[in-house]
Amino acid sequence: WVTSREQPPLPDNLRNKCRQWALKGLSEVAGVALLRQSWQIQGSTADLGEFVQLVEGHPLLLNLAAGFLVGEEGEAPEITALKRLDVNLFELLGQHRGDPEASVQKLLGASLSRLEPWLQQLLGDVSVYRGKFNREMAQVMVPDIDLTDKALRAMEQRSLLQVQKSAGSWQFQFQPLIQRYLQQTGGKQTTAHARALHYFQERCLPLHKETAASAIAPYLAQFYHLCELEHYGLALSSLQSETVEGERYSSCDMFLKFQGSGLDRLELKELYARLLESWHPQTSEERRQFGDALQAIGDVLQFLKQSRDALSRYDEALAIYRSVGARLGEANTLKAIGDVLQFLDQRSDALS
């Protein structure tokens, strides 16, 4: 695990995100109000205002700093206590003024380094989940520890997790920038993705016409984690294979075509795009599967009325099918191209 003493540079996408946050900084008055009302930080207006100015009103930095102080000093701490800690945030952030990337990195590193090693590891592991997670999902990552909601909620105190109660249970979520930071500094996270994959595989139920649309969520999560583990062929099969033997429309892909929402299709588009960007097929069978993925994302794009992009994907799929002699794939893609051209009122091209 990377501690505050060993921090790699943030990638360009995070650096740009930091700069966007900095451009939307809070005013000194709003920043002081945030520290006082949301965190009950004590101190004079001048001292609080000095800190807000130091971080240039950066909302994430303010919350991380407040969480750091509360985690170290307890409830209703004095802002001046930051100067007495062995990690002087006034001094640390002052060294990087005007550079949100360095400030976020140093502050996250300082906050993480105060946690027990297993909690540091846990935060990195649960960052592989794409959305909200609960205690049960976090427990998957630490099978030898009896994890409690209290342990996770303590991460809220340091502003490392966002917490809310839904349907009687606690739900946890990362601020996106913190999640990306943990993913970038946590390495490949192979074990965490494998554990998450097993969790969702156990929750993939057979799909029938009467099945609720929410049943596809574990399939989409399974696809994501398979891709992260670089099992691209298996990922594709997990969406396109029948979940009920002999029922063609029981695959997740077909289920989505008839019962999925627009949001489901947008997520599917994102997942297919992730696979196509990362997969470099080697064998003829893998190339055929790659063609299947191109055709599948073409179908999603056509559903989303992005017909020109759909045609481009179909053309790519057609070239692959022809190169590997996949006649069925070629026929299905030609039909799809014809349907798109007809939709675009280019009937003569569709006929040709």
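Close-up 1. Let's start with R153, which is partly exposed, with a relative accessible area of 32%. Everything shown here and in the other views comes from a predicted model. The partner of R153 is E156, and the two form a salt bridge whose closest N and O atoms are 3.6 Å apart. Where do R153 and E156 sit along helix α9? They are three residues apart in this helix, which covers residues 149-157, so about one helical turn separates them. E156 is partly exposed too, with a relative accessible area of 30%.

Close-up 2. R288 counts as partly exposed at 26% relative accessibility. E285 is also partly exposed, with a relative accessible area of 43%.

Close-up 3. The structure holds 17 salt bridges. In one of them, the side chains of E270 and R130 meet with a distance of 3.3 Å from N to O. Which parts of the chain does this pair tie together? E270 lies in helix α15 (residues 262-278), while R130 lies in the loop between α7 (117-126) and α8 (135-139), so the parts being joined are 140 residues apart in sequence. Are these two side chains buried or exposed? The result falls in between: E270 counts as partly exposed at 48% relative accessibility, and R130 is partly exposed with a relative accessible area of 32%. Salt bridges can also join up into a network, as they do for E72, R114 and R158.

**Close-up 4. F223 and Y272, an aromatic pair.** A pair of aromatic rings is described by the distance of the centres and the angle of the planes. The structure has nine aromatic pairs. In the pair of F223 and Y272, the ring centres are 5.8 Å apart and the planes stand at 75 degrees, so the pair is edge-to-face. F223 is in helix α12 (residues 217-228) and Y272 in helix α15, so the pair ties together parts that are 49 residues apart in sequence. Both F223 and Y272 are buried. Elsewhere, one aromatic cluster is formed by Y129, F133, F172, F174, Y199 and F200.

**Close-up 5. The largest pocket and its lining.** This pocket has a volume of about 880 Å³. Its lining is made of 26 residues, and R248, M254, K257, Q295 and D299 are the closest to the pocket's centre. Which helices each supply at least two residues of the lining? They are α14 (252-259), α16 (284-303), α17 (307-324) and α18 (327-343). By type, the lining residues divide into ten nonpolar, six polar and ten charged.

**Close-up 6. Helix α18 from end to end.** With 17 residues, α18 reaches 24 Å from its first C-alpha to its last, close to the 24 Å expected at 1.5 Å a residue. Which residues of α18 are buried? They are G329, E330, T333, A336, I337, G338, V340 and L341. Look just past the helix to find D345, which takes a positive phi of about 60 degrees.

Methods: Residues are numbered from 1 along each chain as its sequence is written. This is a predicted model: local features need pLDDT of at least 70, side-chain atom pairs count only at pLDDT 80 or more; totals for chains, interfaces and linings use all residues. Side-chain values use heavy atoms; hydrogens and water are left out. On a 1 Å grid over the protein atoms alone, a cavity is a set of points where a 1.4 Å probe fits but cannot get out, and a pocket is an open set with protein on both sides within 12 Å along at least five of seven lines; lining residues have an atom within 4 Å of a point. Grid points are joined across faces, edges and corners, and a volume is the space filled by probe spheres set on the points. Helices (H or I, at least four residues) and strands (E, at least two) are DSSP runs, numbered from the N terminus. Ala, Val, Leu, Ile, Met, Phe, Trp, Tyr, Cys and Pro count as nonpolar, Asp, Glu, Lys and Arg as charged, and the others, Gly among them, as polar. A salt bridge is a side-chain nitrogen of Lys or Arg within 4 Å of a carboxyl oxygen of Asp or Glu. Buried means under 20% relative accessible area, exposed over 50%, partly exposed in between (1.4 Å probe, protein chains only). The expected span of a helix is 1.5 Å times one less than its number of residues. Rings of Phe, Tyr and Trp (its six-membered ring) pair if their centres lie within 6.5 Å; planes under 30 degrees apart count as stacked, over 60 as edge-to-face and the rest as tilted.
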